[in-house]
Amino acid sequence: MGTEHVTEGCKRCARCGEVLPFAAFAKLSAALDGRQGWCKQCFVAYRSEHRAELTAKAKRHSQTPERVEYRRAYCRARAAIDRAKAEADPQFAEQRRAKWREHARRRAERIRLRRAAEKAAAALQSIAIPNHLTSAENES
Ligand SMILES: [Zn+2]
């Protein structure tokens, strides 16, 4: 069972069957030839075909207790490093404060916009649209 003979520097995609140059395959150090078995195009196609499923899976994975704990620990560690750095470096401390102010401002803006949108949606729902308007739109 030797490897199939294909042009030097090329390999056959295990999904679409095309013989393509190595550059068309993403790197994978664990593979014998250092490349993925599927070409990049096939990965793109697979991801778009399974988008919803993959997104749900990633979301489930990110919410496992291990991942939640990892993120928490990471944030704590980062904050500790930044705090120590800020104590030693007033300029860094000021940059850090400015970053947080900007963060808080954007967050407030996001919340304000969402509230406004919710209010507008509620107002829109309370308006009774006259029948002749909706039926005219349906006819066209
Ligand atoms: Zn392919």
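Mentor: A residue is buried if 20 or more other C-beta atoms, placed from the backbone, lie within 10 Å of its own, exposed if 12 or fewer, and partly exposed in between. This is a predicted model, in which local features need pLDDT of at least 70 and side-chain atom pairs count only at pLDDT 80 or more, while totals for chains, interfaces and linings use all residues. Residues are numbered from 1 along each chain as its sequence is written.

Trainee: What percentage of the 140 residues of the protein count as buried?

Mentor: The C-alpha trace spans about 70 × 70 × 30 Å along its principal axes. The radius of gyration, taken over C-alpha atoms, is 27 Å, whereas a compact globule of 140 residues would have one near 14 Å (the rule is 2.2 Å times the number of residues to the power 0.38). Of the 140 residues, the share that counts as buried is 4%.

Trainee: How far apart do the C-alpha centres of domain 2 and domain 3 lie?

Mentor: An automatic or database assignment supplies the domain bounds. Domain 1 covers 10–51, domain 2 covers 58–88 and domain 3 covers 90–123. Between the C-alpha centres of domain 2 and domain 3 the distance is 21 Å.

Trainee: What is the count of buried residues in α3?

Mentor: Helix α3, residues 65–88, should span 34 Å, and its end C-alpha atoms lie 35 Å apart, which agrees. Helix α3 is hardly covered, as its 24 residues have a buried count of zero.

Trainee: Where does Ala93 stand: buried, exposed or partly exposed?

Mentor: Ala93 is found in helix α4. Its C-alpha atom lies 8.5 Å from that of Asp82, eleven residues away in sequence. Ala93 has 15 C-beta neighbours inside 10 Å and therefore counts as partly exposed.

Trainee: Which residues does Cys10 touch, not counting those up to four places away in sequence?

Mentor: Cys10 is found in strand β1, residues 10–12. With 14 C-beta neighbours inside 10 Å, Cys10 counts as partly exposed. Its C-alpha atom is separated by 54 Å from that of Glu94, 84 residues away along the chain. Two residues are in contact if their C-beta atoms lie within 7 Å, and Cys10 touches Val19, Leu20, Pro21 and Phe22.

Note on methods
Helix = DSSP H or I, 4+ residues; strand = E, 2+ residues; numbered from the N terminus. Expected span 1.5 Å × (residues − 1).
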